[in-house]
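Subject: Structure for you to look at

Hello,

Here is the structure I said I would pass on. My notes on it follow below.

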Amino acid sequence: MQSDSSFIPLNPKTYSNEEMVERSRLYYEQMDQRRSVREYSDQSFPVEILENIIKTASTAPSGAHKQPWTFCVVTSSEIKSKIREAAEEEELENYSRRMSDSWLEDLKPFGTDHIKPFIEVAPYIVVVMKHSYEFGDEGEKLQNYYVNESVGIAVGFFLSAIHNAGLFALTHTPSPMRFLKKILNRPENEQPYLLIPVGLPSDNVRVPDIKRKGLEEIIERY
Ligand code: IYR
C-alpha cells in the first residue's frame, strides 16, 4: 500500500513517556485557561499573528485532504457594521420568537441578548466558510467529504492557536447566517460556518463562572 512513490518518509519526532506526560499536562493546563470573551477592547494587533493562526487551523486533517474552508478576515468598519446590523436583526427574532423558553433559560447564566457590539469593536472578525463542494477548471462541481467534521476540527485548531498566541475569541452563530454569504460576496459553493471576533478583552472584563465536567463524567473505560 505504501509503495506509492507519492509517499514520503515521516521522520516523526517522538518523546519518552515522562516527556509525554509532562507535555500533555502542560497543554491541558494551558487550554483549561481558555475562555470565550464577549466584550472586546478595540486595540488591534499585527495581522501576521492572525495569519499564523489561520495557517495553524489549516493544518487540520480534512476529508480526502480537500481543506474545504475559507477564513474571511474582516477589518473594514463598513463591513463590520453591515454584519452587526444583519446579525442583530436575526438575533432579535431568535431571542423574541424563535428560541424556546428552555433555551432562553439555558442561556441566562451567560447574560446574552440580541445586541452584539463585539462585531464592531473587536479588531478582527473572522467568518469561517465551509465549502460544500469545489469548482473544477471547467466549472464542474467536485465533491468534498465530511465537510462539517473537517471545518469543525479546523476551527478547534484555530481556537487553540488563538489561545496560545494570547488572544481571545467567541464562536458566534448568528442564525440563520445566510446574510454573511451575501455581505462578503462569497461564491455559491461556500456556506457560513461560524463568525469569530478575535482580539483582546475590554478592561475589567468578567466571564460567567462556569465549571468544566470532570474526567470521570466525560470518559467511559472499556
Ligand atoms: N446565537 C445567539 C444565541 C446563543 C445560543 C447559544 I446555544 C449560545 O451558547 C450562546 C448564544 C447569540 O449569539 O446570542
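The chain has eight helices and six strands (DSSP runs, H or I of at least four residues for helices and E of at least two for strands, numbered from the N terminus). From the N terminus on, their order is α-α-β-α-α-α-β-β-β-α-β-α-β-α. This is a predicted model, in which local features need pLDDT of at least 70 and side-chain atom pairs count only at pLDDT 80 or more, while totals for chains, interfaces and linings use all residues. Residues are numbered from 1 along each chain as its sequence is written, and side-chain values use heavy atoms, with hydrogens and water left out.

Along the principal axes, the C-alpha atoms fill a box of roughly 60 × 50 × 40 Å. Of the 222 residues in the chain, 34% are buried (under 20% relative accessible area, with exposed over 50% and partly exposed in between; 1.4 Å probe, protein chains only).

Helix α3 covers residues 77-98, 22 residues in total. From first C-alpha to last it reaches 29 Å, close to the 32 Å expected at 1.5 Å a residue (1.5 Å times one less than the number of residues). Its buried residues include Ile83, Ala87, Glu91 and Tyr95. An α-helix has 3.6 residues a turn, so residues three or four places apart point the same way. Among the elements that cover the buried residues of α3 are β1 (69-74), β2 (124-131) and β6 (190-199).

β1 is itself mostly covered, with five of its six residues buried. It pairs with β2 in the antiparallel sense over six bridges (DSSP must find at least two bridges for a pair). In this pairing, tryptophan 69 stands opposite lysine 130 of β2.

Which residues surround the ligand? Among them are Arg38, Glu91, Tyr95, Trp103, His172 and Thr173 (each with a heavy atom within 4 Å). There are polar contacts too (N or O pairs within 3.5 Å; within protein, one atom must be able to donate a hydrogen and the other to accept it, and residues adjacent in sequence count only through two side-chain atoms). A ligand nitrogen is 3.0 Å from an N or O atom in the side chain of glutamate 91. A ligand oxygen is 3.1 Å from a polar side-chain atom of histidine 172.

Finally, serine 202 is in the loop between β6 and α8 (215-218). Leaving aside neighbours within four places in sequence, serine 202 contacts Glu39, Tyr40 and Ser41 (heavy atoms within 4.5 Å). Serine 202 counts as buried because its relative accessible area is 19%.

Regards
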